[in-house]
Amino acid sequence: MKKILIISCLTTIMAAKIFSQTLWRSELVGKPTDTSISIKVFFADSVELCAQYGTTSGVYSGQTVWQTFADSLPAEILIFGLQANTKYYYRLCYRAPGATVYSTRPEYTFHTQRLPGSSFTFVV
């Protein structure tokens, strides 16, 4: 029984190490156009990353392909084929390269480029 408990604990610790990725900076959303957006994030370790997105909170009708990024370099995900002047909800999914289990970042929002002449507010 003691042997099983030790093996179980070691497996849990090893799995946590394999699947944990250290996030250095929260994501930055930029380069908005009427049909695309860029999301940049910084991880301390190599990472596989994708973005899930949609127009309703918690409902992600789109997903980018999984992409692999080297450690300590900016990871940039580009999302294309979006609707102009639309609010989107998104979250990033990340995992250790080659893993099948992934973690998710909290849900955030972005808005694609508005129509010419329309008003908007932004914060720097």
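pLDDT is the predictor's confidence in each residue, from 0 to 100. This is a predicted model: local features need pLDDT of at least 70, side-chain atom pairs count only at pLDDT 80 or more, and totals for chains, interfaces and linings use all residues. Residues are numbered from 1 along each chain as its sequence is written, and side-chain values use heavy atoms, with hydrogens and water left out.

**Exercise 1.** Find the elements with the lowest and highest mean pLDDT.

Solution. Helices (H or I, at least four residues) and strands (E, at least two) are DSSP runs, numbered from the N terminus. Helix 1 (residues 2–19) has the lowest mean, 40. Strand 4 (residues 62–63) has the highest, 97.

**Exercise 2.** Describe the largest nonpolar core.

Solution. A nonpolar core is a set of buried (under 20% relative accessible area, 1.4 Å probe, protein chains only) Ala, Val, Leu, Ile, Met, Phe, Trp, Tyr and Cys residues joined through side-chain atoms within 4.5 Å. This core has 18 residues. Leu49, Ile79, Leu82, Leu92 and Phe110 touch the most other members. Strands 2 (37–43), 3 (47–54), 6 (74–79) and 7 (87–95) each give two or more residues. Now take Leu82. Leaving aside residues up to four places away in sequence, its contacts (heavy atoms within 4.5 Å) include Asp34, Tyr53 and Phe110.

**Exercise 3.** Locate Ser72 and Asn85, and give the phi of each.

Solution. Most residues other than glycine have a negative phi. Ser72 has a positive phi of about 65°. Ser72 sits in the loop between strand 5 (67–69) and strand 6. Asn85 has a positive phi of about 50°. Its loop joins strand 6 and strand 7.

Technical notes:
Buried means under 20% relative accessible area, exposed over 50%, partly exposed in between (1.4 Å probe, protein chains only).
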